[in-house]
Amino acid sequence: MVHISDSAGRAARDLRVVFSRLRRRIREVARDSDLTPPQESALTLVGKHGAATASALAAAEGVRPQSMATTLAALEQHDLIRRAPDPDDGRRQLVTLTEAGRARVEGNRQLREEWLARAFQDRYTEEERQTVLTALELLDRLSRP
């Protein structure tokens, strides 16, 4: 059994808590009142990954296909997504963003980025921002294989 130092255990716990809070806060910044959180999440996912089947989106979100179908129907009613036959398999449909969907995803991304940049500008000194940048370089190692 590998021994984990107290500092490594504390860093793991604290990082998970801080990232969870920050992720929630960033999502709140661009939350649109006419979409539910699952709808916003699915819209963002389609924006990131491009054309996808409803079942692939359900798997990526960790929800049942029936739940994703309901979410996609609502997004389609808002004219944010479209469905079209998969050219490789006519039995399946691919979900893509409409122009309005792309504009919304991009607008939300920009709002979130601007909020975060403004928060760094207003709440931290230049020295603290440099410390955060150094820490992010170190944390980037966690995301690599």
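Modeller: A salt bridge is counted here when a side-chain nitrogen of Lys or Arg lies within 4 Å of a carboxyl oxygen of Asp or Glu. This is a predicted model, in which local features need pLDDT of at least 70 and side-chain atom pairs pLDDT 80 or more, while totals for chains, interfaces and linings use all residues. Residues are numbered from 1 along each chain as its sequence is written, and side-chain values use heavy atoms, with hydrogens and water left out.

Colleague: How many salt bridges does that rule give?

Modeller: The count comes to 14 salt bridges.

Colleague: Which residue does Glu99 pair with?

Modeller: Glu99 forms a salt bridge with Arg102, and their closest N and O atoms are 2.6 Å apart. Both residues belong to helix 5 (residues 99-123), where they are three residues apart, about one turn of the helix. Helices are DSSP runs of H or I with at least four residues, numbered from the N terminus.

Colleague: What does Arg10 meet in a salt bridge?

Modeller: The partner of Arg10 is Asp14, with an N to O distance of 3.2 Å. The two are four residues apart in helix 1, so about one helical turn separates them. Arg10 counts as exposed at 55%, whereas Asp14 is partly exposed at 37%.

Colleague: Turning to Asp86, is that residue buried or exposed?

Modeller: Asp86 is buried, with 5% relative accessibility. Its side chain meets that of Arg92 in a salt bridge of 2.6 Å, N to O, and Arg92 is partly exposed at 40%.

Colleague: Which residues are linked with Asp86 in a network?

Modeller: Salt bridges link Asp86, Asp89, Arg91 and Arg92 in a network.

Colleague: A change of topic: which residues form the positive surface patch?

Modeller: Arg21, Arg23, Arg24, Arg27 and Lys48 form the patch. Patch residues have over 30% relative accessible area and no salt bridge, and like charges are joined within 9 Å. Lys and Arg count as positive, their charges being placed at NZ of Lys and CZ of Arg.

Colleague: Which helix gives the most to the positive patch?

Modeller: Helix 1 (residues 6-29) does, with four residues. Arg23 is in helix 1 and is partly exposed, at 43% relative accessible area.

Note on methods. Patch = residues over 30% accessible without salt bridge, like charges linked within 9 Å, V, L, I, M, F, W, Y side chains within 5 Å. Areas by Shrake-Rupley, 256 points an atom, 1.4 Å probe, with all protein chains shown as cover. Buried < 20%, exposed > 50% of the residue type's maximum accessible area, 1.4 Å probe, protein only.
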